[in-house]
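Please read these notes with the model open beside you.

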Amino acid sequence: MSHQLSRRRLLQLATASVAGLGLTACGDNGSGSAGGDGDSGKITVWSWTTAAEGLRSVVPSFERDNPGIKVDVQDVGNPAIWDKITVGLASGGKGLADVLHIGVDYLPGYLDKFPDGIADLSRLGADKYEDAFAKGLWPTVIGKDKAAHALPWEVNPLGLFYRHDHFEKAGVDPADIGDWNDMIAAGSKILDAAGVRLLGLDKTGATQDMDFFQNLMQLQDVFYFDQDGKITLASPAAVKALTIIKRLNDAGLIADTAGQGTEKRLLSQGKLATYAEAAWAVEYLASTFPEQKGKWRSMQPPAAVPGGKRNAIVNSTYLTVSGSSTRRKAAWQFIEYALTKPAPINRMFASGGVFPALKAAYDDPKFSAPHPFYGGQKVLKPFVESLSADTRATNFTGDYARALKFASDAQSQVLLKGADPADALKKAAEQLAQQTGRQQAV
């Protein structure tokens with residue numbers, strides 16, 4: 001995701017906003033505005049920062065090819081956009097834009113709480129694009145009504161960025177690292193040789209820094225909930241993930257990134273040997289730390305278990321149409337134009353850094369081109385290749401915010417007080433079940 005904020009910070013903000021959504025939505029199903037299927041006129045689009053810039057780059061050609069439609073792309077800001085969308089949905093769609101940019105961590109909650117708030121795109125023709133996007137994404141746009149309510153825009157396959165110079169100084173060959181057992185052993189060598197820790201985490205949980213824990217689960221095709229919405233927070237895979245984190249901490253390989261800007265400062269100072277992040281970070285690192293040109297490389301993330309998979313889609317974003325829009329067909333035409341054609345979506349990628357979900361986009365030479373910041377490595381190519389493997393959809397559900405909080409509390413107990421991962425997660429899963437009324441998976 002093309003973020004000025006880190007993904008973990010966005011997830012923290014998501015928690016506050018979605019938790020508030022549950023209060024705002026009480027007693028209102030969001031069905032106050034009927035909307036309409038107008039196919040011409042002016043449509044508004046809500047997005048944020050560089051993603052909004054990317055959308056604007058598509059507008060001239062779209063308006064040329066669709067002379068009856070004018071498009072106004074508005075940079076609402078992040079996290080302001082979530083509050084605006086939430087308030088709009090809770091008030092029956094009043095004041096909402098025609099096209100909304102929504103994250104995978106929000107969409108299920110919106111569909112659950114405001115069943116009429118997000119338009120049914122299947123009836124406008126969305127279903128024909130089911131196989132056009134990276135594997136594992138289409139199920140995430142389907143609501144309980146079995147209809148598609150969005151099209152994938154951005155996909156974020158997981159990678160592991162690493163400091164080539166630190167690895168070289170410690171005599172560590174990344175080709176020898178297959179799983180996190182190997183990485184922990186390598187991390188100790190790097191700490192001894194270069195004096196830098198492997199990665200950073202907010203141990204206090206103040207920012208609910210759970211990306212890494214989630215990544216380790218997603219590498220095992222598990223998340224907080226299974227595809228039926230049952231709780232899997234205390235599953236063996238979740239315990240394995242938190243145990244890896246405990247082992248890293250016990251070995252002194254985790255730097256505490258509590259405090260605003262701490263991780264960025266540590267990265268700037270060269271004190272972290274790796275950066276476990278998704279594809280959006282390719283340009284983030286290059287643009288944020290230009291003085292480190294040539295020092296970084298990327299690799300497939302180590303498997304969570306020996307011989308396990310080394311690919312996962314960790315997050316994604318979508319464009320959708322508000323149910324209250326009076327120009328739903330026009331809004332859909334813009335989404336279809338922007339997200340299903342390689343030329344426009346790669347124009348947005350070049351302008352805003354949003355890694356495209358459209359498979360046809362990857363035929364562009366830029367996805368196999370050497371990148372000077374990464375020592376000439378074809379840094380985008382491994383991310384594209386990881387998307388060709390089977391990937392299971394992540395079911396965030398409308399209770400993601402609650403799961404995130406309890407998981408964060410469990411992680412902090414392990415990191416700060418030495419709690420047993422299995423015990424901490426068992427307690428967290430019980431609390432989550434009590435609050436949500438969901439069953440725990442067997």
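How are α2 and α12 oriented to each other? This is a predicted model, in which local features need pLDDT of at least 70 and side-chain atom pairs count only at pLDDT 80 or more, while totals for chains, interfaces and linings use all residues. Residues are numbered from 1 along each chain as its sequence is written, and side-chain values use heavy atoms, with hydrogens and water left out.

1. Helix α2 (residues 49-65) packs against α12 at about 140°, and the axes are 8 Å apart. Axes here are lines fitted to C-alpha atoms, for helices over the stretch in contact, and angles run from 0 to 180 degrees between N-to-C directions. The two helices are therefore oblique to each other; angles under 35 degrees count as roughly parallel, over 145 as roughly antiparallel, 65 to 115 as roughly perpendicular, and the rest as oblique. Helices (H or I, at least four residues) and strands (E, at least two) are DSSP runs numbered from the N terminus. Residues of α2 that meet α12 include Thr-50, Leu-55 and Val-58; on the α12 side, Pro-344 and Met-348 are among them.

2. Helix α15 (residues 421-436) has axes within 9 Å of those of helix α14 (residues 400-417), with a crossing at roughly 155°. This pair is therefore roughly antiparallel. In α14, the residues that meet α15 are Arg-402, Ala-403, Phe-406, Ala-410 and Val-414. Their partners in α15 include Pro-421, Leu-425 and Leu-432.

3. Helix α8 (residues 236-250) also packs on α15: the axes come within 9 Å and cross at roughly 130°. The two are therefore oblique to each other. Ala-238, Val-239, Leu-242, Thr-243 and Lys-246 of α8 make the contact (heavy atoms within 4.5 Å) with Pro-421, Ala-422 and Leu-425 of α15.

4. Helix α7 (residues 211-218) is mostly covered, with 8 of its 8 residues buried. Buried means under 20% relative accessible area, exposed over 50%, and partly exposed in between (1.4 Å probe, protein chains only). Gln-218, in this helix, counts as buried at 5% relative accessibility. A polar atom of the Gln-218 side chain lies 3.5 Å from the backbone oxygen of Val-314. Beyond residues up to four places away in sequence, Gln-218 touches Phe-223, Lys-309, Ala-312, Ile-313, Val-314 and Thr-394.

5. The largest nonpolar core has 147 residues, and Phe-213, Tyr-224, Leu-233, Leu-248 and Phe-355 touch the most other members. Such a core is a set of buried Ala, Val, Leu, Ile, Met, Phe, Trp, Tyr and Cys residues joined through side-chain atoms within 4.5 Å. Apart from neighbours within four places in sequence, Phe-355 is in contact with residues including Trp-153, Glu-154, Phe-349 and Leu-387.

6. The side chains of Thr-317 and Glu-154 make a polar contact at 3.0 Å. That term means a pair of N or O atoms within 3.5 Å; within protein, one must be able to donate a hydrogen and the other to accept it, and residues adjacent in sequence count only if both atoms are side-chain atoms. Thr-317 is buried, with a relative accessible area of 0%.

7. Is Tyr-374 buried or exposed? Tyr-374 lies in the loop between α12 (342-352) and α13 (381-386), and is buried, with a relative accessible area of 0%. Its C-alpha atom is separated by 9.2 Å from that of Gln-292, 82 residues apart along the chain. Contacts of Tyr-374 beyond four places in sequence include Phe-161, Leu-285 and Trp-296.
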